[in-house]
Structure formats: C-alpha cells, structure tokens
Amino acid sequence: MSNLIKSSQYIPVEILKKLDLSKDHFRPTDLAAGANQQIPHIVYDQPRIDEQTVLLKEQMLADAREFAERQVREAAEEAERILQNAQEMIASWWDERREQDEHLIEAVKAQAFQEGYEEGQQRAETEMQQRINEMMQEAQTVLSQAYEAKEQIIQEAEPFLVNLSCGIAEKVIDRELADQQELVLSLIKKTLARKREQGLITLCVNPSQFDFIHAAREELVLAIDSQAELQILPDATVRDRGCVIRSAFGSVDARVDTQLAELKKELLRLALHDEERGNANV
C-alpha cells in the first residue's frame with residue numbers, strides 16, 4: 001500500500017512543464033505592479049489556463065487511477081500466485097506427511113504383527129512342549145503298568161505253561177519213540193552205560209516193548225561191563241517206552257514219564273521262585 005501511495009504522487013515531467021508555463025502567464029507581482037494599468041492579456045487567458053489545469057488534473061487522476069488499478073491488479077495477481085504456491089506447498093507438505101504417516105503406520109503394523117507372531121509362536125511352543133511332557137509321562141505310566149501286567153500274566157501263566165509244555169513234550173517224545181525204535185535202544189544203551197558195574201544187571205521194560213528190546217540184547221550187552229550179566233524182564237510198572245535198571249548197587253529210573261515229571265517239578269519250582277522274587281520287588 002505504501003508503494004501504491006508513493007506511486008500515486010508521481011507527476012510526469014511534461015505535466016510539470018505545463019504547470020510552470022501557466023505560472024509564467026499569471027504572476028502576483030504583475031498584479032501588484034500594475035494595479036492601475038490595463039489588465040494584461042493574460043487576464044483574459046485565465047479561463048483557458050484553468051481549463052488546461054483541470055484537464056491536466058483529470059489526466060493525472062486518470063493516470064494515477066490507471067496506475068493504481070494496474071498496481072492493485074498486479075498485486076492481486078502476485079498475491080494469487082503466492083497463495084497458489086503456498087497452497088501447492090501445503091498440499092505437497094500434506095502429501096509428504098501423509099506418505100510418512102502411511103509408512104509409519106505400515107512399520108508399526110509390521111512390528112506389531114511380528115511381535116504378535118513371535119509371542120504366539122513362543123506360547124504355542126511352550127504349550128506343545130508341556131503337552132508332550134504330559135503325554136510322555138502318561139506313556140511312561142502306561143508302559144510301566146503294561147510291564148507289571150506282563151510280569152503278572154507270565155507269573156500266573158507259568159505253572160499252566162509248564163504243565164502244558166510237559167504234556168506236549170510227553171506226547172511228542174512218545175510219538176517219536178514209537179516211530180523210531182532205534183531211539184528207544186539208544187536211550188537204553190546210554191542208561192546202561194552209566195552202570196559201570198559187574199554182576200547181574202536187570203533191565204525192566206514195558207511188556208509191549210519186551211520182544212523188541214530182548215531181540216536187541218546182544219547190542220545192549222556191549223554197553224555194559226564185560227564182567228556184568230544183563231537180564232531183561234517185562235515190568236508192568238514201566239508204562240512207556242523207557243526202562244528201569246536195577247543192580248546190587250541200586251536202580252536207575254529211565255522212564256520217560258518219570259523224567260518229564262522231574263523236569264516239570266523243577267520248572268514249577270523255578271516259576272514259584274521267580275514269582276516270589278517278583279512280589280518281593282513290588
């Protein structure tokens with residue numbers, strides 16, 4: 001506004017020259033010096049000077065108004081340009097700030113997601129490890145109970161299994177001896193070989209086996225001492241394909257059922273011993 005006021009006081013040089021000429025045509029000293037003199041020609045020109053002055057004044061006002069309007073218009077344009085630049089700068093600042101905020105929000109979201117993921121993973125691993133420990137403990141308990149049940153079943157089943165096994169063995173041996181008579185002879189020869197005695201040795205066999213055994217007497221004699229005498233007799237107490245050997249020094253029971261009975265007795269004794277030891281450990 002100060003520039004506008006200063007500019008409005010500017011008067012072109014041409015206008016100032018015209019104003020100086022008007023002063024030359026009408027001076028106060030001229031009025032004082034010739035008060036009684038005839039009014040100079042310039043007095044009659046006064047209306048023309050005033051008219052020029054008015055015209056000049058109007059021209060000056062018009063120029064000043066035009067200048068002022070131009071200055072105002074340029075100032076308005078400059079202000080509008082400055083305002084537009086400011087708006088663009090503000091918009092750019094807001095865009096940059098908005099982009100920074102979006103990046104910050106994305107970074108915060110990513111960090112929160114990562115922290116949440118890690119926390120969830122840690123919690124899941126802890127729960128899973130706890131569950132695994134519980135399952136391992138349960139499995140260990142079940143396994144221990146299974147071992148105890150197994151031992152209990154075995155201990156309870158051992159007498160039954162011994163009886164069953166001995167019964168099966170007796171049948172198998174009897175069948176094998178029936179099918180292979182030479183096995184009977186081999187069993188008798190091994191038993192006779194243990195009696196390294198002199199004198200009379202009596203071999204008692206089942207009556208159903210007497211003929212067969214007696215037929216092999218010469219072969220059986222080779223198993224005893226040369227100074228001993230072998231006597232073969234049928235004996236109803238020998239109920240299987242075994243034999244009983246008697247001498248002056250005692251007897252040897254080589255019956256199959258007797259040997260299986262002894263074996264069965266020993267197995268039952270061992271089973272009972274294991275059961276008692278298992279109960280003591282419990």
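Contact here means heavy atoms within 4.5 Å. This is a predicted model, in which local features need pLDDT of at least 70, side-chain atom pairs count only at pLDDT 80 or more, and totals for chains, interfaces and linings use all residues. Residues are numbered from 1 along each chain as its sequence is written, and side-chain values use heavy atoms, without hydrogens or water.

Leaving out residues up to four places away in sequence, Q209 touches Q181 and R241. Q209 belongs to helix α7, residues 207–215. Helices (H or I, at least four residues) and strands (E, at least two) are DSSP runs, numbered from the N terminus.

Buried means under 20% relative accessible area, exposed over 50%, and partly exposed in between (1.4 Å probe, protein chains only).

| Residue | Relative accessibility | Class |
|---|---|---|
| Q209 | 8% | buried |
| R196 | 56% | exposed |
| I168 | 46% | partly exposed |

R196 sits in the loop between α6 (181–193) and β1 (199–205). With residues up to four places away in sequence not counted, R196 touches A223, I224 and D225. A228 lies 32 residues from R196 in sequence, with 8.7 Å from C-alpha to C-alpha.

I168 is part of helix α5, residues 46–179. Together with F160, L161, L164 and V172, I168 makes a nonpolar surface patch of about 450 Å². Patch residues have over 30% relative accessible area and no salt bridge; like charges are joined within 9 Å, nonpolar side chains (Val, Leu, Ile, Met, Phe, Trp, Tyr) within 5 Å. A salt bridge puts a side-chain nitrogen of Lys or Arg within 4 Å of a carboxyl oxygen of Asp or Glu.

Notes: Accessible areas come from the Shrake-Rupley method with a 1.4 Å probe; for residues, only the protein chains shown count as cover.
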